[in-house]
Amino acid sequence: MNDSTSNDRILLDRLVRAFGGVPGIRAVVLGGSRARGEGSAHSDYDIGLYYEPDNPIDVGRLAKAAMLLPGAARSSVTAIGEWGPWINGGAWLTVDGRKVDLLYRDLEKVRQVVDDCCAGTVERVYQPGHPHAFVSAIYMGELALCQILWDPENALVSTRRKCASYPDALGEALIRTFFWEARFALENASHGRGRDDLSYVAGCAFRCVACLCQTLFALNRTYLLNEKGAVPGVERLCIKPVDFRSRVESALARAGAGLSDLAALVEETAGLLKV
């Protein structure tokens with residue numbers, strides 16, 4: 001990254017010193033766009049806190065550690081499980097004017113998900129903050145792409161080694177899971193009374209696009225961690241429909257009138273898949 005988007009190492013060192021001493025935390029990582037070198041000067045710092053379920057994070061101590069950070073202006077630390085079973089808690093912090101998001105990660109669950117992904121098994125579940133779905137393979141992608149800041153006992157090393165190469169079985173499973181839904185979403189948008197409900201049509205169109213993004217990332221054996229930024233991310237892939245981003249944006253802007261353009265993208269993707 002250039003100087004304008006480089007990570008603040010002083011801030012990261014402070015976070016490690018603060019959270020590394022909290023009982024239950026086994027490892028601290030930097031995730032998100034900043035870990036991938038794609039962040040902007042205004043990007044949040046996404047910090048993953050890994051723990052074992054039989055020795056969970058002491059969230060009371062975590063809250064105290066967060067408020068003792070230099071320039072801490074805001075701290076909202078949740079209990080484990082408060083946000084659901086997958087994104088199962090964390091905190092939104094402001095430290096020296098910068099936004100820092102903490103995310104809890106259950107190491108036992110992460111290990112199981114990585115093994116499942118390598119075997120071609122994925123799950124998709126409802127999760128606030130993920131308007132398409134939370135896809136279990138996110139755990140694997142996070143571990144593959146993160147920057148490990150603190151892992152004194154190498155708690156992440158063996159599992160992360162499994163994530164270094166994108167498994168063919170995972171790519172095939174994601175394509176099976178999502179490509180059919182891209183077509184199905186458009187069929188629903190065009191069916192009966194649904195055609196007259198603009199919000200319903202928009203929702204179906206979004207799901208179609210989200211499923212195409214999942215499919216194209218999987219086809220390119222590239223981890224997809226979030227719907228946010230997925231459409232621009234397709235443009236960085238090697239195998240993709242021509243002008244994917246501009247065509248998606250044009251189709252979504254025209255609501256129901258753009259469904260035929262999305263259908264064309266679905267068929268082009270089918271050709272790339274040789275379906």
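What share of the 275 residues in this protein is buried? Buried residues make up 48% of them, where buried means under 20% relative accessible area, exposed means over 50%, and partly exposed is in between, using a 1.4 Å probe and protein chains only.

Okay, some ground rules before I go on. This is a predicted model, where local features need pLDDT of at least 70, side-chain atom pairs count only at pLDDT 80 or more, and totals for chains, interfaces and linings use all residues. Residues are numbered from 1 along each chain as its sequence is written, and side-chain values use heavy atoms, with hydrogens and water left out.

So how confident is the predictor? pLDDT is its confidence in each residue, from 0 to 100. The protein has a mean pLDDT of 93, and 96% of its residues reach 70 or more. Where pLDDT is low, the predicted coordinates should not be read in detail.

Now the overall picture. We've got eleven helices and eight strands; these are DSSP runs numbered from the N terminus, with helices being H or I of at least four residues and strands being E of at least two. The C-alpha trace spans about 55 × 40 × 40 Å along its principal axes.

Contacts next, meaning heavy atoms within 4.5 Å. Take the contacts with a separation of 6 or more: 63% of them are between residues 24 or more positions apart.

Let's zoom in on some valines. Val114 sits in helix α4, and it counts as buried because its relative accessibility is 0%. Leaving aside residues up to four places away in sequence, Val114 touches Met140, Thr159, Lys162 and Cys163. Its C-alpha is 25 Å from that of Arg207, which is 93 residues away along the chain.

Then there's Val29, over in strand β1, residues 25–31. Val29 is buried too, at 4% relative accessibility. Again not counting residues up to four places away in sequence, the residues Val29 touches include Asp46, Ile47, Gly48, Cys146 and Leu156. From Val29 to Tyr223 you go 194 residues in sequence and 17 Å in space, C-alpha to C-alpha.

And is Val157 buried or partly exposed? At 33% relative accessibility, Val157 counts as partly exposed. Val157 belongs to helix α6, residues 157–163, and its C-alpha is 9.6 Å from that of Leu143, 14 residues apart in sequence.

Last stop, backbone angles. Most residues other than glycine have a negative phi. Which way does Arg221 go, positive or negative? Arg221 has a positive phi of about 50°, although it is not a glycine. You'll find Arg221 in the loop between α8 (198–219) and α9 (230–234), and at 27% relative accessibility it is partly exposed.

Asp243 also has a positive phi, about 55°, and is not a glycine. Asp243 is in the loop between α9 and α10 (244–253). With a relative accessible area of 48%, Asp243 counts as partly exposed.

Key
pLDDT = per-residue confidence, 0-100.
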